[in-house]
Amino acid sequence: MSSGKFSPDTTIFQQMAEIEDRHWWFVARRQILDRVIRGLPLPDNADILEAGCGTGGSLATLARYGHLHAMDLTEIALELARARNIGEIRRGCLPDEIPFGDRRFDLIVSLDVIQHVGDDIAALKALRERLKPGGYLVMTVPAYAWLWSRHDESWQNLRRYSRKGLIRVARSAGWKVEYTSFFNTVLFPAIVLARLFRFSPAHHQTTDQSLPSPGLNRLLTFLFASERHLVGRVAIPFGVSLLLVATKEES
């Protein structure tokens, strides 16, 4: 994704590419992201950067709003993302290797990326320098350090965030925070129980990347995606993930 030290097993990316167009978590997150972006006053044909596009699951959603550019560090992820033939995708790394010359963007999206970066403040400062005046950052991160699990370890996450901690990091990087909210809230109790169980020595599953049965997958998608009617409008007080919308704090 976005740190030179981030190098998980390539099979994780292959597994993600196989399921992310159908898996309830990815599908619902895209619906929530789409609703949040739709509410922003972006120009027509906005210049958009996805910082850490992974295998490209969000490219089609973002491309609806303008000219899409995307970056990632991992070669297998880049190969899988480019196979979608959406936008311009290049190798890049936060904070020091953002591609596309000196291009500035109306919207920068970073989905579950900065938890991989050693210096998250430096990463957000670098992204701030690539935003046009009046532009927006939309970012998601995993929430609550106590929810740490083998899924975090397999993805080489370095941290999970509290709401106050995420706001503090963003402000330290010069961002004006416009909105924050938890999400993945409806399923929060079930996910907490699953994570606690999977962290026990008796359970050897390393990630949450498995596709449920079709019926269960549809139900979980419906429940999680229902939060799109709230996210962006009210601040949900708890959830598995955090969303932040920010603008450039001009000096």
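User: What makes β1 and β2 a strand pair?

Analyst: Two strands pair if DSSP finds at least two bridges between them. β1 and strand β2 (residues 66–72) have 6 bridges, in the parallel sense, so they meet that definition. One of the contacts is A46, whose bridge partner in β2 is G66. This is a predicted model: local features need pLDDT of at least 70, side-chain atom pairs count only at pLDDT 80 or more, and totals for chains, interfaces and linings use all residues. Residues are numbered from 1 along each chain as its sequence is written, and side-chain values use heavy atoms, with hydrogens and water left out.

User: How do you know that β1 also pairs with β4?

Analyst: By the bridge count again. 3 bridges join β1 to β4, and the strands run parallel. The definition asks for at least two, so β1 and β4 pair. In β4, L107 is the bridge partner of I48. Strands here are DSSP runs of E, at least two residues long; helices are runs of H or I, at least four; both are numbered from the N terminus.

User: Why is β1 called mostly covered?

Analyst: Buried means under 20% relative accessible area, exposed over 50%, and partly exposed in between (1.4 Å probe, protein chains only). In β1 (residues 46–51), 6 of its 6 residues are buried. A46, I48 and E50 point one way. D47, L49 and A51 point the other way. Both sets are buried.

User: Is G54 buried or exposed, and what value shows that?

Analyst: Buried, because its relative accessibility is 2%. G54 sits in the loop between β1 and α3 (59–63). G54 and L111 are 57 residues apart in sequence, but 9.3 Å apart in space, C-alpha to C-alpha.

User: Which peptide bond is cis, and where does its proline lie?

Analyst: The bond joining L94 and P95, with omega about 5 degrees. P95 lies in the loop between β3 (88–91) and β4 (105–111).

User: Why is the F183 and F224 pair called stacked?

Analyst: Rings of Phe, Tyr and Trp (its six-membered ring) pair if their centres lie within 6.5 Å; planes under 30 degrees apart count as stacked, over 60 as edge-to-face and the rest as tilted. A search of the whole structure finds 9 aromatic pairs. One of them is F183 with F224: 6.2 Å centre to centre, 15 degrees between the planes. Both values pass, so the pair is stacked. F183 lies in strand β6 (residues 175–183) and F224 in helix α9, so the pair ties together parts that are 41 residues apart in sequence. Both F183 and F224 are buried.

User: Which residues do ring pairs link into a cluster?

Analyst: Y144, W146, F182, F188 and F238.

User: How do you know that F222 is exposed?

Analyst: F222 counts as exposed because its relative accessibility is 59%. F222 is found in helix α9 (residues 214–225).
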